Amino acid sequence: MRILVTNDDGIFADGLWALVKGLKSIAQVIVVAPIKEQSAVGTAVTLSQPLRVQKVSLIVPEVETYSVEGTPSDCVILALEKLIKNKVDMVVSGINHGLNLGDDALISGTVSAALQGYLRGFPALAISAAAVDSLQLDNAAKLATLLAEKVASRVLPSDILLNINLPDLPPAKIGGAQITQLASRSHIDTVEEGNDGRRQYYWLLRQRMGKAADNQTDIWAVERGDISITPLHTSWLNRSAPAIPDNLCAHLLHELR
Ligand code: MN
């Protein structure tokens, strides 16, 4: 199996390499990631300037790695259309440093990179963790690896785009795992105005809404201390629901522990 791995926190992010370390145990991994952080750029694609690519050989020597002066979506398009000679089987994006829940999924570079893979016919996973210490990143990587195996062994369908989020809990304290839907509007956006001595500036500020999230949404799951697994292709693209086995969550938790 061959897996394309990317992220939006940039090529030096710990989450990316924790994910690579996990997936390397079941697949040949190729990394194509932005040279610098691209969080919250959503599905942005660079059309107004050329993309510069650097082959990097020093990070994990046996993992083919490219850094791109572009967005996460640029990375996936470039990887699938040009850089990778032999076809990959899957696209995995993350592990994002921080959650991508509710309407954040629409601005997330992590989720958008997975979406680009999905739109090109590949099974795609986006994975995000509330906490980024090595214990929790390794746990998230293990979960991503388990899910990738489920896709490879056809326990999960190949026509799948999953957004996975892990709560800020040590692995043993995670209560369960839930198949969820995206929560509807989850933030209050405000704009702070100031002056830096030269010019006016504006900061966009996002504050999580206080209201309780609806049952079976991703925010509800994570707030309960559960892992959230959201099939985005049903939420976004209005396709029929994928056949996810009833016992998937129980199995994942069992294997994760
Ligand atoms: Mn990010």
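Start at the manganese ion: its donors follow the spacing D-D-x29-S-x56-N along the chain. Donors here are N, O and S atoms within 2.8 Å of the metal (3.2 Å for Na, K and Ca), and water is not among the atoms, so sites may look incomplete. This is a predicted model, in which local features need pLDDT of at least 70 and side-chain atom pairs count only at pLDDT 80 or more, while totals for chains, interfaces and linings use all residues. Residues are numbered from 1 along each chain as its sequence is written, and side-chain values use heavy atoms, with hydrogens and water left out.

**Stop 1: the manganese ion**

Select Asp8, Asp9, Ser39 and Asn96. Their atoms OD, OD, OG and OD1, respectively, are the protein donors, lying 2.1 to 2.3 Å from the manganese ion. Which parts of the chain do Asp9 and Asn96 tie together? Asp9 is in the loop between β1 and α1 and Asn96 is in strand β5, so the pair links parts that are 87 residues apart in sequence. The element names come from DSSP runs, numbered from the N terminus: helices are H or I with at least four residues, strands are E with at least two.

**Stop 2: three backbone details**

Select Ala40, in the loop between β2 and β3. Its phi is near 65 degrees, a positive value in a residue other than glycine. Gln216, in the loop between β10 (200–208) and α5 (218–223), also has a positive phi, of about 70 degrees, although Gln216 is not a glycine. Now go to Ile95 in strand β5. The peptide bond from Gly94 to Ile95 is cis, with omega near -10 degrees.

**Stop 3: the sheet**

Show the strands. An open sheet is formed by 9 strands, ordered β3-β4-β2-β1-β5-β6-β7-β11-β8, with mixed pairing. Two strands pair if DSSP finds at least two bridges between them. Which strands stand at the edges? They are β3 (53–56) and β8 (177–179); each has a single partner strand, so one side of each is left without a neighbour in the sheet. On average, neighbouring strands of this sheet are turned by 20 degrees against each other, direction ignored.

Zoom in on β5 (residues 90–97) and β6 (residues 124–129), which pair in the parallel sense over 6 bridges. Val91 has Ala124 in β6 as its bridge partner.

Contact means heavy atoms within 4.5 Å. Axes are lines fitted to C-alpha atoms, for helices over the stretch in contact, and angles run from 0 to 180 degrees between N-to-C directions.

**Stop 4: α2 and α3**

Keep α2 and α3 selected. Their axes come within 8 Å and cross at roughly 25 degrees. That makes α2 roughly parallel to α3. Angles under 35 degrees count as roughly parallel, over 145 as roughly antiparallel, 65 to 115 as roughly perpendicular and the rest as oblique. The contact joins Pro72, Ser73, Val76, Ile77 and Leu80 of α2 to Gly109, Ser112, Ala113, Gln116 and Gly117 of α3. By class there are 5 nonpolar, 5 polar and no charged residues. Ala, Val, Leu, Ile, Met, Phe, Trp, Tyr, Cys and Pro count as nonpolar, Asp, Glu, Lys and Arg as charged, and the others, Gly among them, as polar.

**Stop 5: α4 and its two helix contacts**

Select α1 (residues 14–23) and α4 (residues 134–152). The axes of α1 and α4 come within 8 Å and cross at roughly 45 degrees. The two helices are therefore oblique to each other. On the α1 side the contact includes Ala18 and Leu19, and on the α4 side Ala141 and Ala144. The contact of α1 with α4 has 7 nonpolar, 3 polar and 3 charged residues.

Finally, select α7 (residues 248–256), which packs against α4 at an angle of about 130 degrees, with the axes 10 Å apart. This makes α4 oblique to α7. Asn139, Lys142, Leu143, Leu146, Leu147 and Lys150 in α4 meet Leu248, Leu252, Glu255 and Leu256 in α7. These residues divide into 6 nonpolar, 1 polar and 3 charged.
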